[in-house]
Amino acid sequence: MKIFNTLTNKKEEFKPLREGEVSIYVCGPTVYNYVHIGNTRPMIVFDVLRRTFEYLGYKVTFVSNFTDVDDKIIKAAKAEGITEKELTDKYIAAYEDVRRNLNLLFPTYAPRVTNTMDAIIKFIDNLVKSGYAYEVDGDVYFRVSKIDEYGQLSGIKIEDLVAGASERIDENDKKEESTDFALWKKTDEGIRFDSPWSKGRPGWHTECVVMINDIFEGGKIDIHGGGQDLKFPHHENEIAQSEAANGKEFAKYWLHNAFLNIDNRKMSKSLGNFFTVREISEKYDLQVLRFFMLSAHYRSPLNFSSDLMEAAKSGLDRIITATDNLKFLADNAKTETLTDIEDDALTKTQNYVAAFEKAMDDDFNTA
C-alpha cells in the first residue's frame with residue numbers, strides 16, 4: 001500500500017511500526033456548535049482509511065479527541081446561558097449522532113482535554129524544566145528557536161515567520177521571540193485549572209500531543225491525520241513539542257485532506273453558505289453525503305452544490321438498487337449450480353474486487 005506522506009510530499013510504501021498493527025490519531029472537533037459539512041470530510045476520509053486497514057487484516061487503534069476547553073466554548077456557553085460542561089456535553093452528543101448517521105465507526109479512544117489535564121500540566125512542566133519552555137506572568141511559552149527542524153511539515157521557515165511578525169509585535173509582548181507559542185494561558189474567565197504557573201487552561205497545540213503520549217506507548221504513532229488547515233501551525237507545533245519531550249520522531253506518516261467549498265466558494269457564515277449537517281439531513285439521507293464526500297480523492301478540493309448532491313443521490317440509489325436485486329436473485333435461486341453466464345459474471349466480479357483493492361492501495365483512491 002502507498003500513501004501520500006505530507007511530511008515528505010511524496011507517496012511512500014506504508015510500513016507499520018508494529019507488524020500487523022496500525023496506530024492512527026485524527027484531530028477531533030472543538031465542541032461549541034453543531035457539526036458543519038466541512039467537518040464531515042475528515043470524519044469520512046479517515047473512517048475509510050481505518051476500514052481499509054481493517055479490511056487488509058490490520059489491528060487498528062484509532063483515536064480522535066474532543067477539545068472541550070477553548071475561548072469559543074466559553075463565549076458560546078455564556079451566549080446559551082449554560083456551563084461550559086453542559087455546552088460541551090450537548091455538542092459531543094450531537095457530534096456522536098452525526099457519527100452514527102454517517103455510518104462511521106466509533107474511535108477506539110475519544111479522549112477529552114478536560115480529562116487529560118493532569119497529564120497536560122505534567123508535560124508542560126517537563127518542557128519548562130528541560131529549557132524548551134518558559135513562564136512569564138503565569139503564561140508558559142514554547143521556545144521555537146530550540147527546534148532545528150521547525151517547519152519540516154509545512155515548509156515554513158522561522159526567519160520568514162519573524163519577518164512577517166515584525167510589523168505587528170506589541171512592545172509589551174511577553175514572549176522572548178515572536179514565533180514562540182503558548183502552552184499555558186493564565187485566565188480569570190471561564191473554566192480554568194490549577195497549575196504551577198497560574199489558574200488557567202492549556203494552549204491548543206499541546207493537547208493532542210499529550211493525548212497521544214497518554215494512549216500510545218512511547219508517544220509515537222504510524223499516522224497523524226486532519227484537514228490541511230491544521231498543517232500549520234497546529235501540526236507543526238505538535239511535532240516541535242513531541243520531539244522536544246521524547247527525543248524521537250512523532251508520527252511516521254502525515255495525511256491531510258483538502259478543503260470543501262460551497263458552490264465554488266469557501267464556506268463562511270458571512271457569505272451565507274454555512275450549512276450544518278442537521279440542515280443537510282433534512283433534505284438528504286446522510287449516506288448520500290458520505291457517498292458524495294468519497295466521490296473525489298481526499299487530497300483534491302471538493303465542491304459542494306445541490307446539483308452535485310443530487311448526482312450523488314442518483315449514483316448511490318443505482319448501487320443500492322443493484323445490490324438489492326442481486327440479494328433477491330441469490331435468495332431465490334432454484335439451484336446452487338452456476339450457468340456459464342453466471343460463472344462468467346462471478347469471474348468479472350472477482351476482477352472488480354481486485355481493481356477496487358488496487359485503487360485503494362494507491363493512496364486510498366475512493367474516486
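## Close-up views of a predicted model

**View 1. Here is the lining of the largest cavity.** Val45, Phe46, Val48, Leu49, Leu255, Met293, Leu294, Ala296, Tyr298, Phe364 and Thr366 line the largest cavity of this predicted model. A cavity here is a set of points, on a 1 Å grid over the protein atoms alone, where a 1.4 Å probe fits but cannot get out, and lining residues have an atom within 4 Å of a point. The volume of this cavity is about 90 Å³, taken as the space filled by probe spheres set on the points, with grid points joined across faces, edges and corners. Searching the whole structure turns up one cavity of 30 Å³ or more. Helix α1 gives the largest share of the lining, four residues. By type, the lining has 10 nonpolar residues, one polar and no charged (nonpolar: Ala, Val, Leu, Ile, Met, Phe, Trp, Tyr, Cys and Pro; charged: Asp, Glu, Lys and Arg; polar: the others, Gly among them).

A word on conventions: residues are numbered from 1 along each chain as its sequence is written, and side-chain values use heavy atoms, leaving out hydrogens and water. As the model is predicted, local features need pLDDT of at least 70 and side-chain atom pairs count only at pLDDT 80 or more, while totals for chains, interfaces and linings use all residues.

**View 2. Now for the second largest pocket.** Its volume is about 640 Å³; a pocket is an open set with protein on both sides within 12 Å along at least five of seven lines. Among the 25 lining residues, Phe291, Leu294, Ile319, Phe356 and Thr366 are the closest to the pocket centre. Two or more lining residues come from each of α1 (37–55), α9 (286–293), α10 (306–331) and α11 (340–361), with α10 giving the largest share, seven. Helices (H or I, at least four residues) and strands (E, at least two) are DSSP runs, numbered from the N terminus. The lining counts 16 nonpolar, six polar and three charged residues.

View 3. Four strands form an open sheet in the order β5-β6-β7-β8, with antiparallel pairing (two strands pair if DSSP finds at least two bridges between them). Each of β5 (133–136) and β8 (200–202) stands at an edge with a single partner strand, so one side of each has no neighbour in the sheet. The twist averages 20° from one strand to the next. Four bridges join β5 and β6 (residues 139–142) in the antiparallel sense, and Val136 has Asp139 of β6 as its bridge partner. Helix α4 (residues 117–129) lies across β5, β6, β7 (181–186) and β8, at about 120° to β7. Axes are lines fitted to C-alpha atoms, for helices over the stretch in contact, with angles from 0 to 180 degrees between N-to-C directions; contact means heavy atoms within 4.5 Å.
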